Amino acid sequence: IMSYFEKKIDSEEKYRGVIVNVRLDHAELCDGSIVKREVVEHPGGATILPIDDEGYCYCVRQFRYPYQKELLEAPAGKLEPGEAPMDCAVRELSEETGFTADEIISLGEDYTSPGFSTETLHIYLARGLHRGESHLDEGEFLSVEKHHIDELTKLVMDGTIADGKTVIAVLKAKRLLENEK
C-alpha cells in the first residue's frame with residue numbers, strides 16, 4: 001500500500017488571531033517534491049442537537065458575518081483551552097437554549113475543512129430535556145426555534161440548511177432515531 005504522508009519541513013506563523021492562527025508550512029511529498037501548505041489552526045468545537053420526546057429539535061437562528069445572513073443551526077461553540085468536547089456541548093446547550101439534558105449521545109466528529117484547517121467539530125444529540133434560562137455570551141444574539149426532526153431533514157435535503165455541522169447532526173440524529181424504532 002502506497003503511503004501519501006507529507007513530511008513537514010518547516011513552519012512559519014503568519015497570523016495570530018482571536019479564534020484562529022494561520023501558518024505557512026513547507027512539506028515534502030511522497031515523490032520528494034516540496035510544496036507549500038497553508039494551515040488555519042482552530043481550537044475545535046462542539047455542536048449539540050437537543051430533541052424532545054415528540055421529535056422536536058431546538059435550533060438557533062443567528063447572523064453569520066462571513067455569509068452576511070442569518071442561519072438556522074444546531075447550538076454550538078468553540079472549545080475553551082483544556083475543555084472536553086462533551087463539556088463544551090453541554091455548556092453551549094445551556095448558554096444558547098437554556099436546556100439541560102439527561103442523556104448526551106455522541107454522533108461523531110466532523111473535520112470541517114481538512115484541506116486547510118485543523119478544526120474538528122464534535123457532534124452530539126441531547127435527550128431528556130429540562131428547560132431553564134439561556135445565558136448568551138457577550139456580543140452573541142440569537143433566537144431559539146422549535147422544529148420537528150422531519151421538517152429539519154427536509155430543510156437539509158432542499159438546501160435551506162447548509163451549515164455543515166447542522167446537516168450532519170440532523171441526518172445522523174434522524175438515522176439514529178429511525179434505527180431505534
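## Ground rules

The model is predicted, so local features need pLDDT of at least 70 and side-chain atom pairs count only at pLDDT 80 or more, while totals for chains, interfaces and linings use all residues. Residues are numbered from 1 along each chain as its sequence is written, and side-chain values use heavy atoms, with hydrogens and water left out.

## The whole chain

Let's start with the parts list. The protein chain has three helices and 10 strands. Both come from DSSP runs numbered from the N terminus: helices are H or I with at least four residues, and strands are E with at least two. Starting at the N terminus, the elements go β-β-β-β-β-β-β-α-β-β-β-α-α.

The C-alpha atoms fill a box of roughly 55 × 40 × 30 Å, taken along the principal axes. Of the 181 residues, 41% are buried. Here buried means under 20% relative accessible area, exposed means over 50%, and partly exposed is in between, using a 1.4 Å probe and protein chains only. As for contacts (heavy atoms within 4.5 Å), take those between residues at least 6 apart in sequence: 55% of them join residues at least 24 apart.

## The opening hairpins

Strand β1 (residues 7-16) and strand β2 (residues 21-28) run antiparallel and are joined by eight bridges. For two strands to pair, DSSP has to find at least two bridges between them. If you want a spot to look at, Asp 10 has His 26 in β2 as its bridge partner.

Next comes strand β3 (residues 34-41), which is antiparallel to β2 and joined to it by eight bridges. Leu 24 has Glu 38 in β3 as its bridge partner. This hairpin has five residues between its strands, and Gly 32 in the turn shows a positive phi of about 90°.

## Two aspartates

Asp 25 sits in strand β2. It counts as buried because its relative accessibility is 5%. Its side chain makes a polar contact of 2.9 Å with the side chain of Arg 23. A polar contact is a pair of N or O atoms within 3.5 Å; within protein, one must be able to donate a hydrogen and the other to accept it, and residues adjacent in sequence count only if both atoms are side-chain atoms. Leaving aside residues up to four places away in sequence, Asp 25 touches several others, including Lys 8, Asp 10, Val 35 and Val 39.

Asp 53 lies in the loop between β4 and β5. Asp 53 counts as exposed because its relative accessibility is 74%. Its C-alpha atom is separated by 27 Å from that of Phe 141, which is 88 residues away along the chain.

Strand β5 (residues 56-64) pairs with β10 over six bridges, and Cys 59 stands opposite Glu 145 in β10.

The other open sheet described here has four strands in the order β7-β4-β9-β8, and its pairing is mixed. β7 and β8 (100-111) are the edge strands, each pairing on one side only. Within it, 10 bridges join β8 to strand β9 (residues 120-130), and these two run antiparallel. Ala 101 stands opposite Leu 129 in β9.

## The largest pocket

The largest pocket has a volume of about 1400 Å³. Among its 40 lining residues, the closest to the centre are Arg 64, Glu 73, Glu 119, Asp 163 and Lys 165. The elements giving two or more residues to the lining are β4 (45-50), β5, β6, β7 (76-78), α1 (85-97) and α3 (164-180). β6 gives the most, with four residues.

How is a pocket found? On a 1 Å grid over the protein atoms alone, it is an open set of points with protein on both sides within 12 Å along at least five of seven lines, and lining residues have an atom within 4 Å of a point. Points are joined across faces, edges and corners, and the volume is the space filled by probe spheres set on them.

Notes:
On a 1 Å grid over the protein atoms alone, a cavity is a set of points where a 1.4 Å probe fits but cannot get out, and a pocket is an open set with protein on both sides within 12 Å along at least five of seven lines; lining residues have an atom within 4 Å of a point.
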